[in-house]
Amino acid sequence: IFYLRKNAKWSDGKPVTAHDFVFSWRMTLDPKTASEYAFFLYPIKNAEAINQGKLAGTELGAKAVDDYTLKIDFEKPCGYFLGITAFPTLYPVREDFYNQRKDRYAADASDLLSNGPFVLTKWLHGASLQLDKNQYYWDKNRIKVSRIDIPYITPDNNALFNLFKDKKIDMLTPIPKDDLPKAQREGFDMKSFADGSIFFMEFNFREGRAVVNKNLRKALQAVFDPKELVNKVIGIPGTKPGYYLIPTWLKGVKSSFRKEFPLVQNKKNIAEGKKYLALAMKELGLKTPPSLIWLTGDTVTTAKEAEYFQNLFKTTLGIDLKIDKQIFKQRLAKMTAGEFDIVAAGWGPDYADPMTFADLWTSWNENNRGKYSNPAYDKLIREAQATADPKKRMNAMAQAEKIGLDDLVVIPTYERTVVYLEHPWIKDVVRHSIGPDPDFTWVSVNK
């Protein structure tokens, strides 16, 4: 049972109520919404059946007892549910405002209703944002700044760096490897934090794709050394080579998950890679190595990463890699449509539990863009989701991870650390690996 604070208000001054949560969650689970995060609500009674169209939304085990009391009945135990409630999918949506906007909801600043410390007041799509202090925020006296401007949205790192240098912007995050020497020469105070994300090569398991062949995936893994990628291409201090589906920072039962469930790290072996490739070519009926499509983003770092793998696979295995560089929105669209062999992808944690990474490769997870499916993997994740016993949960996820790594559902590449710049007059920007980031709730400006 959640008891809502009675002084919580929307940005138009109306109260936030338990009904707003119930409406939001029912809408998320409605099959017509096609939410990729609907599975977050599955621990709630009847949620999965509603999402599959088997039950009406009114059957959801989330009820507004009154305006300020939200009662939740569970389908199964969920030891990490409190963490999920801070995730945007579970945020409230006010029904009357949503119905007024319909398909325009959140399309522009005027079509969005919020209840946090800041309100989006201006939005020039793809160019700039302006956020003003929310005068109806329940804790508004703690908010020290009246406005946050994001005046330049551009992928041009040089332009952004010069804007920071000329003091036209106060904060720059993140900065790529090539800007580190420039920042040092300028004497800027560089800050860093591990944002909890892992990155990987994700494969397309749809019928007709060469990478469905396990020996081909093993060949690609055998010639790749994550340390080399981190040192030569990524080049950001603190970045760790990627070896696991569940990253090193997460807790297990009593200590870190990785200490409790250690795994052997794969080592580069080009000779083994060539053997796997020969087996793959025989199984695929090929006389020459296959050509593969590498789908990636349009940033400087992703371009260099793509070129690194293009050269690596060509020189070691004779595999031609065609780079398909797309803006973020189009890359997601192509991932969803399955228009790739390999996609340079990553995942940031949604909550502080190994499950935020472990359930990514289940057959029901819409973020599993490669459509990997293994009943044994699914079964173990279901077991982990059906108990609140920490030991049983962690054991099941560890077993599932071993299956995923053995199947090469993905090839992990690195665990990210972000380096960023702030001018000295900016104080108390908080960085989070979980939740909204950057967090400006406590920020002050003292020029």
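**View A. The largest nonpolar core of the predicted model comprises 109 residues.** Here a nonpolar core is a set of buried Ala, Val, Leu, Ile, Met, Phe, Trp, Tyr and Cys residues joined through side-chain atoms within 4.5 Å, and buried denotes under 20% relative accessible area (1.4 Å probe, protein chains only). The residues with the most contacts inside this core are W25, L220, W294, F309, F313, I342 and W361. A second, separate core has 13 residues, including Y137, I148, M171 and V443. The model is predicted, with local features requiring pLDDT of at least 70 and side-chain atom pairs counting only at pLDDT 80 or more, whereas totals for chains, interfaces and linings use all residues. Residues are numbered from 1 along each chain as its sequence is written, and side-chain values use heavy atoms, leaving out hydrogens and water.

**View B. Surroundings of W361.** Not counting residues up to four places away in sequence, W361 touches (heavy atoms within 4.5 Å) F200, E202, L245, N368, Y372, Y377, D378, V409 and V410.

**View C. D359 is buried without a salt bridge.** D359 lies in the loop between α13 (355-358) and α14 (375-385); helices are DSSP runs of H or I, at least four residues long. A salt bridge requires a side-chain nitrogen of Lys or Arg within 4 Å of a carboxyl oxygen of Asp or Glu, and the nearest side chain of opposite charge, R393, is 9.2 Å away. Beyond residues up to four places away in sequence, D359 touches F39, Y351, N365, I381 and Q385.

**View D. An open, antiparallel sheet has the strand order β4-β5-β6.** Strands are DSSP runs of E, at least two residues long, and two of them pair if DSSP finds at least two bridges between them. β4 (118-124) and β6 (147-150) stand at the edges with a single partner strand each, so one side of each lacks a neighbour in the sheet. β4 pairs with β5 (residues 128-133) over 6 bridges, and L124 has S128 in β5 as its bridge partner.

Definitions and conventions. Buried means under 20% relative accessible area, exposed over 50%, partly exposed in between (1.4 Å probe, protein chains only). Lys and Arg count as positive and Asp and Glu as negative; His and the chain ends are not counted.
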